[in-house]
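User: I would like to learn how to read a structure like this one, feature by feature. Could you take me through it?

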Amino acid sequence: LGAQAPAQISGDLTRLVRVTWDEFLPLAAGIASRISLLGTDGTYYRSDFTIIHPREEWSARSVSFESSADWNLLVGTTDFQTVLGSVAALYMELDVTGFLGLEAAVANIHFVNQGEVDIEPATMGDLKSQYGQ
């Protein structure tokens with residue numbers, strides 16, 4: 001499951017503190033969820049590729065924009081804060097492998113700004129579907 005954020009979640013994102021979301025995870029599957037940032041110069045960062053051991057319940061996830069510690073540079077050489085100041089696209093991915101049983105899901109996506117205030121809550125349905133279902 002992958003989606004691109006709407007155009008207003010691009011440009012200078014240095015005002016953001018973090019993005020949070022909830023996931024519903026199947027019982028017997030390997031799960032990795034992540035946020036990716038594409039800079040206007042082609043530099044590409046992806047949040048830490050974390051494999052989760054699901055419990056068939058909703059659980060909260062969060063990625064910080066305040067430090068590059070949670071991010072991996074995949075393409076390019078531009079530092080994280082510079083890319084954050086000039087984002088061409090933001091992507092969200094939920095990668096599920098193994099026996100699924102119940103479907104995996106993402107909900108309650110919140111982008112939090114420096115005033116610790118949610119910008120606009122979103123759902124995957126609000127994002128432009130790029131691939132997957």
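User: Leaving aside neighbours within four places in sequence, which residues is F65 in contact with?

Analyst: Happy to start there. A contact means heavy atoms within 4.5 Å. On that basis, and with neighbours within four places in sequence set aside, F65 is in contact with L16, V17, R18, V19, L37, W71, F80, Q81, L84 and L90. Two points on reading these values: this is a predicted model, where local features need pLDDT of at least 70, side-chain atom pairs count only at pLDDT 80 or more, and totals for chains, interfaces and linings use all residues. Residues are numbered from 1 along each chain as its sequence is written, and side-chain values use heavy atoms, with hydrogens and water left out.

User: What is the overall make-up of the protein, from the N terminus on?

Analyst: Elements are DSSP runs numbered from the N terminus: helices are H or I with at least four residues, strands are E with at least two. The protein has one helix and ten strands, and the elements run β-β-β-β-β-β-β-α-β-β-β. Among contacts with a separation of 6 or more, 75% are between residues 24 or more positions apart.

User: How should I read burial, and what percentage of the residues count as buried?

Analyst: Buried means under 20% relative accessible area, exposed means over 50%, and partly exposed is in between (1.4 Å probe, protein chains only). Of the 133 residues, 41% count as buried. The accessible surface, from the Shrake-Rupley method with a 1.4 Å probe, comes to about 6800 Å², and 52% of that belongs to carbon and sulfur atoms.

User: Which residues touch the most other members of the largest nonpolar core?

Analyst: In soluble globular proteins, nonpolar side chains tend to be buried together. A nonpolar core here is a set of buried Ala, Val, Leu, Ile, Met, Phe, Trp, Tyr and Cys residues joined through side-chain atoms within 4.5 Å. The largest one has 22 residues, and V19, W21, I35, L37, F65, W71 and L90 touch the most other members. Two or more residues each come from β2, β3 (29-39), α1 (80-84), β8 (87-98) and β9. The biggest share is that of β8, with four residues.

User: Now the sheet. In what order do the strands of the three-stranded open sheet lie?

Analyst: Strands of a sheet pair through backbone hydrogen bonds, either parallel or antiparallel. Two strands count as paired if DSSP finds at least two bridges between them. In this open sheet the order is β6-β2-β9, with antiparallel pairing. Both β6 (58-64) and β9 (105-113) stand at the edges with a single partner strand, so one side of each is left without a neighbour in the sheet. Neighbouring strands are turned by 20 degrees against each other on average, direction ignored; for such angles, axes are lines fitted to C-alpha atoms, for helices over the stretch in contact, and angles run from 0 to 180 degrees between N-to-C directions.

User: How many bridges join β2 to β6?

Analyst: Seven bridges join β2 (residues 16-24) to β6. Within that pairing, T20 has S62 as its bridge partner, and W21 has R61. As for cover, seven of the nine residues of β2 are buried.

User: Is S62 buried or partly exposed?

Analyst: At 41% relative accessibility, S62 counts as partly exposed. Not counting residues up to four places away in sequence, S62 touches R18, V19, T20 and W21. The C-alpha atoms of S62 and R18 are separated by 6.8 Å, though the two are 44 residues apart along the chain.

User: And which side chain does the side chain of S36 make a polar contact with?

Analyst: A polar contact is a pair of N or O atoms within 3.5 Å; within protein, one must be able to donate a hydrogen and the other to accept it, and residues adjacent in sequence count only if both atoms are side-chain atoms. The side chain of S36 makes such a contact with that of E93 (3.2 Å). S36 lies in β3 and is buried, at 0% relative accessibility. For a loop example, take D79, between β7 (71-75) and α1: its side chain makes a polar contact with the side chain of T82 (2.8 Å). D79 is partly exposed, at 44% relative accessibility.
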